[in-house]
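I opened this structure today and kept notes as I went. Here they are, in the order I looked things up.

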Amino acid sequence: MRVTRSLVSPLVCMALWWGSCGGVAAESPQSSRELDISNLTVWDGHNDVPEQLRERRKDVLEGFDFKDTRAVGMMTDLPRLKAGGVGAQFWSVYVSADLPEPIAVQATLEQIDVMKRLIARHPAEMQFCTDTACVEKSWKAKKIASLIGMEGGHSIGGSLGVLRQMHALGARYMTLTHFKNNAWADSATDAPAHDGLTPFGVQVVKEMQRLGMLVDLAHVSEATMRDVLALGGPPPIVSHSNARGINHHARNVSDETLRKIGAAGGIIMVNFYPPYVVEAARQWSAARDAEAARAKGLNRGDPEAEKAALAAWDKANPMPRGSIGDVADHIDHIAELIGADHVGLGGDLDGVEATVAGLDDVSTYPALFAELARRGWSKGDVAKLASGNMLRVMKAAEAYAAAHRADLPQESPTTF
């Protein structure tokens, strides 16, 4: 999708969507008109409001105003969701991979509970959904279809029974790992332990497929991706990652694996976190890790001095944030490699301390669409990116589950 840049501004190009921008041929001959953002529905793959509620409020909603969270520094609230055209959101019920697994299971249940309670407090704006029929019904009612995604296989405590109960509570995807390996799958950011999936990990994936629960390959190693893709079944998702061909971060996906995801009908949903987007930010992150180790070594036994030294380094070395254009570069790369049918949006908003400049909160998706329009994307392809591809993939998972309804559940012995 990448084309020669022109001097046409994003706003002008939005107005000329069906005309010619930057020398790109129009999709069809129509008179110029402004794009109606309200008709371009966003389905974002990953938002960490539940984590914010846990860390800031210990999951207590009394006194929490989801109609205005700017004062507390959050990236998400109801007016900004509406301004961004968000019509469907996977809310991430992330809990730390450092937790012992039984505690992680409890914490995940609490995160599902708090998100359901938040949705129930705003019935005019939000609708809890577990399937695409509900999502499409919510869109017609101008509500935000609110789905649950689990971030990290540690959240099932090594139990297929727990996995099934999480699905029964409404979880519709699970990221197989977080930043650490678990007992049955390797993470992208940990030393390999299993060379992908263990036999139990294969059972987990097969059971997710049988249930109609999307298999999320964000955070997992390339070997784990390879093993999942070799199993076949419905299309996988990558809920919040980018292209390693643009930024070599371990959390990003190689071109070789992107091709396999495309061939499987899957979708990679692009993230807005600078170290995953901008190579200079990845280098900055590595330098900061080195500085943190240096500050610790120079200030042993003095945690306050250690903290002050790192704060001084941060002030002198701000993270390169990059821009909307950098995110568009990842989207272009993926679309050029495997097609516009296989890319989506997973901003990771409220799960990161910073985003690329211009994509600072949930109201800013239209600015990204303007940049893509300027590069020559058609309205139809941007609509796929915004939500159409995610809708297709989830419908495929539902169809697979319906076809396998008579299959017996996967079984493994309990461990205690």
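**Entry 1: ground rules.** This is a predicted model, where local features need pLDDT of at least 70, side-chain atom pairs count only at pLDDT 80 or more, and totals for chains, interfaces and linings use all residues. Residues are numbered from 1 along each chain as its sequence is written, and side-chain values use heavy atoms, with hydrogens and water left out.

**Entry 2: confidence.** I looked up pLDDT, the predictor's confidence in each residue, from 0 to 100. The chain has a mean of 92, and 91% of its residues reach 70 or more. Where does pLDDT stay under 50? I found that stretch at residues 1-34, for which the model has 68 contacts beyond four places in sequence (contact means heavy atoms within 4.5 Å). I made myself a reminder: where pLDDT is low, the predicted coordinates should not be read in detail.

**Entry 3: helix α2.** Helices here are DSSP runs of H or I with at least four residues, strands are runs of E with at least two, and both are numbered from the N terminus. Helix α2 covers residues 49-57, and its buried residues are Val-49, Pro-50, Glu-51, Gln-52 and Leu-53. Which elements cover them? I noted β1 (42-47), β2 (86-92) and α4 (101-120) among the cover. After α2 comes Lys-58, with a positive phi near 55°.

**Entry 4: salt bridges.** I count a salt bridge when a side-chain nitrogen of Lys or Arg is within 4 Å of a carboxyl oxygen of Asp or Glu. How many does a search of the whole structure find? The search gives 24.

I picked out Glu-110 and Arg-54, whose closest N and O atoms are 2.9 Å apart. Glu-110 belongs to helix α4 and Arg-54 to helix α2, so this pair ties together parts that are 56 residues apart in sequence.

Next I looked at Glu-207 and Arg-210, whose side chains meet in a salt bridge at 2.7 Å, N to O. They sit three residues apart in helix α7 (residues 199-211), which separates them by about one helical turn. Glu-207 counts as buried at 0% relative accessibility, and Arg-210 counts as buried at 18%.

Asp-360 lies in the loop between β9 (343-345) and α14 (365-374), and Arg-321 in the loop between α12 (303-316) and α13 (324-338), so the pair ties together parts 39 residues apart in sequence. Asp-360 is partly exposed at 34%, and so is Arg-321 at 32%. I also noted one network of salt bridges with shared partners, joining Asp-329, Asp-332, Glu-371, Arg-374 and Arg-375.

**Entry 5: helices α8 and α9.** In helix α8 (residues 222-230), I listed Ala-223, Thr-224, Met-225, Asp-227, Val-228 and Leu-229 as buried. Their cover includes α7, β6 (214-216) and α9. Just after α8, Gly-232 takes a positive phi of about 70°. In helix α9 (residues 255-263) I stopped at Ala-263, which counts as exposed at 71% relative accessibility.

**Entry 6: Tyr-273.** Tyr-273 is in the loop between β8 (267-270) and α10. It is buried, with a relative accessible area of 13%. Which residues does Tyr-273 contact, leaving aside neighbours within four places in sequence? I wrote down Val-352, Glu-353 and Ala-354.

Key:
Buried < 20%, exposed > 50% of the residue type's maximum accessible area, 1.4 Å probe, protein only.
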